[in-house]
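Consider the charged side chains here and the places where they pair. The account below follows a few of these pairs one by one.

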Amino acid sequence: MMVSVVDRKDLNIYFVLIIITFASALSAESPWILELIDKGLLEVSLIGLASLKILLVTEHFMELKFAPNWLRYMMFSWIGIVMVILAGISVFFNGF
Amino acid sequence: MKEYSFDKAEYSMSDSMSEVAVLESPKRVPVEPGFWVLIFGDLLVFSVMFVAFMLRRFESADTQRIFSEGAQLLNPAIGLTNTVVLLTSSFFVARAVVQVRKGETESARKATFLAIVCGLGFISLKLYEYSEKLGQGITVTSSPYFEYYFIFTGIHLFHVVIGTGLLIYLFKRLSTVSQVNQDHLPIEEGVACYWHMVDLLWLMLFALFYLLA
């Protein structure tokens with residue numbers, strides 16, 4: 001049975017989401033990583049990766065890529081503002 | 001009544017066809033526009049919760065230590081599994097919507113069923129995690145970290161329960177018809193958007209509670 005273009009892309013996005021999830025979890029659980037990068041940078045990265053996953057879910061699974069720009073920009077704004085605030089709090093207290 | 005028009009014949013064309021062309025209108029609001037008021041309202045409430053968590057965490061050196069110790073007591077394997085389960089369910093829900101558009105009743109039913117299984121799996125794992133904590137003597141009043149943990153993940157779990165109930169309703173609807181049509185699409189898309197919202201909220205909760213602290 002032929003897999004449609006939309007189906008295959010959704011599957012690819014799913015695998016990317018899973019890979020990012022495992023990469024984030026491994027980064028957070030590996031104590032040696034703090035010897036390589038600053039704690040603040042790690043936290044910002046983890047928040048950034050979570051935001052990236054959220055973006056992928058909204059664009060592809062929620063199909064906002066087909067939505068009017070006003071709706072997409074509202075969602076992008078929410079993701080961006082939340083990411084900046086959370087990362088900002090982390091950087092402010094952890095340093096960078 | 002909103003018209004959702006699509007060309008079923010075009011949908012099975014070759015890979016060279018663009019995704020946008022499968023829908024007659026290239027720009028469309030997935031689900032009723034008013035539904036997005038609910039979605040953004042929920043997102044706003046949860047974002048305030050996320051910020052409150054971070055600010056409480058860094059309130060003092062003591063709270064940083066408490067939050068760090070609290071996070072160490074969580075089971076990362078369960079958190080990770082729950083994240084994978086919810087992402088998988090989102091994939092199946094997205095598939096179900098596509099199948100409804102194509103008029104593929106049986107495939108839509110199967111995808112919805114698999115999404116329900118994932119939803120029930122998430123609920124089961126979460127309840128097991130809660131019972132594990134309670135068995136260790138950890139409750140909502142044990143520390144500021146677990147106060148946030150139980151309240152935030154509890155509210156999210158409530159959303160998951162509602163979403164799973166909606167998916168079960170969709171499955172029953174799909175089971176009673178021999179052929180889906182355009183009338184099924186609005187509610188299918190609405191439930192799908194709600195479910196994806198539940199999923200994306202968990203993605204941030206997982207990062208804050210299981211990874212950051």
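How many salt bridges does a search of the whole structure find over all chains? In this predicted model, the search finds ten. Side chains of opposite charge can pair when their charged atoms come close.

One of the ten is within chain A, where Glu59(A) pairs with Arg72(A) and the closest N and O atoms are 2.5 Å apart. Buried means under 20% relative accessible area; Glu59(A), at 11% relative accessibility, counts as buried, and Arg72(A) counts as buried at 18%.

A further salt bridge runs between Arg101(B) and Glu63(A), with 2.5 Å between the closest N and O atoms. Because Arg101(B) sits in helix α4 (residues 76-102) of chain B and Glu63(A) in the loop between α3 and α4 of chain A, the pair joins two chains. Arg101(B) is buried, with a relative accessible area of 3%, and Glu63(A) is buried at 9% relative accessibility. The pair is also part of a network of salt bridges that links Glu63(A), Arg101(B) and Glu189(B).

Within chain B, Lys126(B) and Glu129(B) form a salt bridge with an N to O distance of 2.5 Å. Both residues lie in helix α5 (residues 105-135) of chain B, three residues apart, so about one helical turn separates them. Lys126(B) has a relative accessible area of 0% and is buried; Glu129(B) is buried, with a relative accessible area of 0%.

Note on methods: Residues are numbered from 1 along each chain as its sequence is written. Chains are lettered from A and ligands numbered from 1 in the order in which they are written. This is a predicted model: local features need pLDDT of at least 70, side-chain atom pairs count only at pLDDT 80 or more; totals for chains, interfaces and linings use all residues. Side-chain values use heavy atoms; hydrogens and water are left out. A salt bridge is a side-chain nitrogen of Lys or Arg within 4 Å of a carboxyl oxygen of Asp or Glu. Buried means under 20% relative accessible area, exposed over 50%, partly exposed in between (1.4 Å probe, protein chains only). Helices (H or I, at least four residues) and strands (E, at least two) are DSSP runs, numbered from the N terminus.
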